[in-house]
Amino acid sequence: MNASTIINDEMTLEEKLAAIDAAMADAQQKADEAASAAGVVAAPLDPADLTMCEGCQ
């Protein structure tokens, strides 16, 4: 991801942060969709969840 395609010098700090948040959310959504299609987990919130059975959680 190229930062110059997301933000520019004319933006306020709040606009830059919002643009970065939106780009990260979009990238995460694409990764989640690709992982779902492949039957794997893209990025678990807590990696320890992958090492425990559902009963232990």
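## Starting with the helix

Helices (H or I, at least four residues) and strands (E, at least two) are DSSP runs, numbered from the N terminus. With that in hand, look at Gly39: sitting just after H1, Gly39 takes a positive phi of about 80°.

A quick word on what you're looking at. This is a predicted model, where local features need pLDDT of at least 70 and side-chain atom pairs count only at pLDDT 80 or more, while totals for chains, interfaces and linings use all residues. Residues are numbered from 1 along each chain as its sequence is written, and side-chain values use heavy atoms, with hydrogens and water left out.

## The chain as a whole

Out of the 57 residues in the chain, 5% are buried (under 20% relative accessible area; exposed is over 50%, and partly exposed is in between, with a 1.4 Å probe and protein chains only). In H1, the buried residues are Ala19, Ala23 and Ala35. The chain exposes about 4,700 Å², and carbon and sulfur atoms supply 57% of that (accessible areas come from the Shrake-Rupley method with a 1.4 Å probe; for residues, only the protein chains shown count as cover).

Side chains of opposite charge can pair when their charged atoms come close. Here there is one salt bridge (a side-chain nitrogen of Lys or Arg within 4 Å of a carboxyl oxygen of Asp or Glu). Lys30 pairs with Asp26, and their closest N and O atoms are 3.3 Å apart.

Are the two partners buried or exposed? Lys30 is exposed, at 51% relative accessible area, whereas Asp26 is partly exposed at 35%.

## A nonpolar patch and some contacts

Leu13, Leu17, Ile20 and Met24 make a nonpolar surface patch of about 380 Å². Patches are made of residues with over 30% relative accessible area and no salt bridge; like charges are joined within 9 Å, and nonpolar side chains (Val, Leu, Ile, Met, Phe, Trp, Tyr) within 5 Å. Leu17 is partly exposed, with a relative accessible area of 45%, and Ile20 is partly exposed too, at 33%.

What does Ile20 touch, leaving aside its neighbours within four places in sequence? Ile20 is in contact (heavy atoms within 4.5 Å) with Ile6 and Ile7. Ile20 and Ala3 are 17 residues apart in sequence, with their C-alpha atoms 8.5 Å apart in space.

Further along H1 you'll find Ala31, which is partly exposed at 33%. Ala31 and Ala42 are eleven residues apart in sequence, and 6.0 Å apart in space from C-alpha to C-alpha.
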